[in-house]
Amino acid sequence: MHRLTKKEFGGESLWLFFDVGETLVSEKSFHTARNEGLFQILKSRKEGLSRAMFDGACRRAILSRPGGEASRVRAIAREVLGPSESYAVVEEYNEKVGKSLVKLFEADPNKMFRPYPEVNTVLEDLSARYPLAVIANQHRSVRKYLENTWGLAKYFKFMILSEEVGFQKPDKEIFQLALDRARVDDPSEAWMIGDRVDTDIGPSRSLGMKAVRVLHDSETSIIPSECELEVPDFQFKDLRPLTSLF
Ligand SMILES: [Mg+2]
C-alpha cells in the first residue's frame, strides 16, 4: 500500500485517535448475550416470536442509528410489540439483562470483550512512530481493563472515556477535548480510527480531522454512510493495513 507522505497527512505532527469497542476490542460475545436476553424478554411478551423476526428487528434497529443502548432496545421492542410496551421493555431489559451482563463482565472480562488478534502488533508498530490516544464511548471501569486485563493502555498517551468526561461521541466536545489535550491546533493533523460512521467518522471529519473506518465483523459495519462527511478517507476490514498506511 502507498504510505502517506507528510504532505498528504497535512502536517508534520500527526496524532492517531482510536475508538475502543469493535475497533480494538471485539464486543461480539457481549452482543450475542445481550440480544439473547432481549429475545427472551420479548418472547415472554409475544407468543410465537421467531428468531428470524427478532434478528430482522435487530438489524433494522442498527440501521436506524439508535445511538445509545436504550434507544436500540426501544426500537426493537417498538417493532416487535408496538410502541405502547417499548418503555416497559427497556426497564425490564435494564433490570434483568443489564445487571446480569455487568456481573458476567466483571467475573471474566475476557469472555465478553476480546482484543482483536492484530491489535498488539499494530499498536506497537504505530506507537513507536506516532502519538496515539483513545476517544471512546465507554464506562469508566473500562480504563482498568485497558490498563491491566488487556494491557493496551501502554500504547496511548492518554485515553478519553465518555463517562469520565461527560461528553460522548458524536458530541463535538469529546473530539475537541482530545485535540486540546494533544495540543493539535490543526485538526487535519489528527486521524480518527473507528468502526461507526455516525459516531466516529462523521463527527471527526466535520471537525476537519481525517478518518479510517475499520469494519471487523462488527454489527455496526452495516450502517451506511449517509453524507459525504461520513465517507471515511480509508476503509479496511481490520487494523493491519494501518501499519502500511502510516
Ligand atoms: Mg466502536
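This note sets out points on the domains, helix packing, sheet and local backbone of a predicted model.

1. Domain division. The protein falls into two parts: domain 1, which comprises 6-27 + 114-245, and domain 2, which comprises 29-111. Taken over C-alpha atoms, the centres of domain 1 and domain 2 are 27 Å apart.

2. Contact between the domains. Nine residues of domain 1 touch eight residues of domain 2. On the domain 1 side of this contact, the classes are four charged, three nonpolar and two polar residues.

3. Helix packing. Two packed helices are described by the angle between their axes and the distance between the axes. For helix 2 (residues 28-45) and helix 5 (residues 86-107), the axes come within 10 Å and cross at roughly 145°. The crossing of helix 2 past helix 5 is right-handed.

4. Residues in the helix contact. Helix 2 contributes Phe30, Ala33, Arg34, Gly37, Leu38, Ile41 and Leu42.

5. An open sheet is formed by six strands, arranged as 5-4-1-6-7-8 with parallel pairing. Strand 5 and strand 8 (234-236) are the edge strands, each pairing on one side only. On average, neighbouring strands of this sheet are turned by 20° against each other, direction ignored.

6. Strands 4 and 5. Four bridges connect strand 4 (residues 132-136) with strand 5 (residues 158-161), and the pairing is parallel. Within this pairing, isoleucine 135 has isoleucine 160 of strand 5 as its bridge partner. The chain passes from strand 4 through helix 8 (residues 142-149) to strand 5, giving a right-handed β-α-β crossover.

7. Strands 6 and 7. Strand 6 (residues 190-194) and strand 7 (residues 210-214) also pair in the parallel sense, over four bridges. Here methionine 192 stands opposite alanine 211 of strand 7.

8. Backbone features to inspect. Most residues other than glycine have a negative phi, and most peptide bonds are trans. Two sites in the model are to be read against that background. The peptide bond joining lysine 169 and proline 170 is cis, with omega about 10°. Proline 170 is placed in the loop between helix 9 (162-165) and helix 10 (172-181). Arginine 65, a residue other than glycine, has a positive phi near 55°. Arginine 65 likewise belongs to a loop, the one between helix 3 (51-63) and helix 4 (69-81).

Terms used:
Residues numbered from 1 in each chain as written. Predicted model: local features only at pLDDT ≥ 70, side-chain atom pairs only at ≥ 80, totals over all residues. Domains from an automatic or database assignment. Contact = placed C-beta atoms within 7 Å. Nonpolar A, V, L, I, M, F, W, Y, C, P; charged D, E, K, R; others polar. Axes fitted to C-alpha atoms, helices over the stretch in contact; angles between N-to-C directions. Helix = DSSP H or I, 4+ residues; strand = E, 2+ residues; numbered from the N terminus. Left-handed = near helix turned anticlockwise from the far one by under 90°. Pairing = 2+ DSSP bridges. Right-handed = clockwise from strand over helix to strand, strands pointing away.
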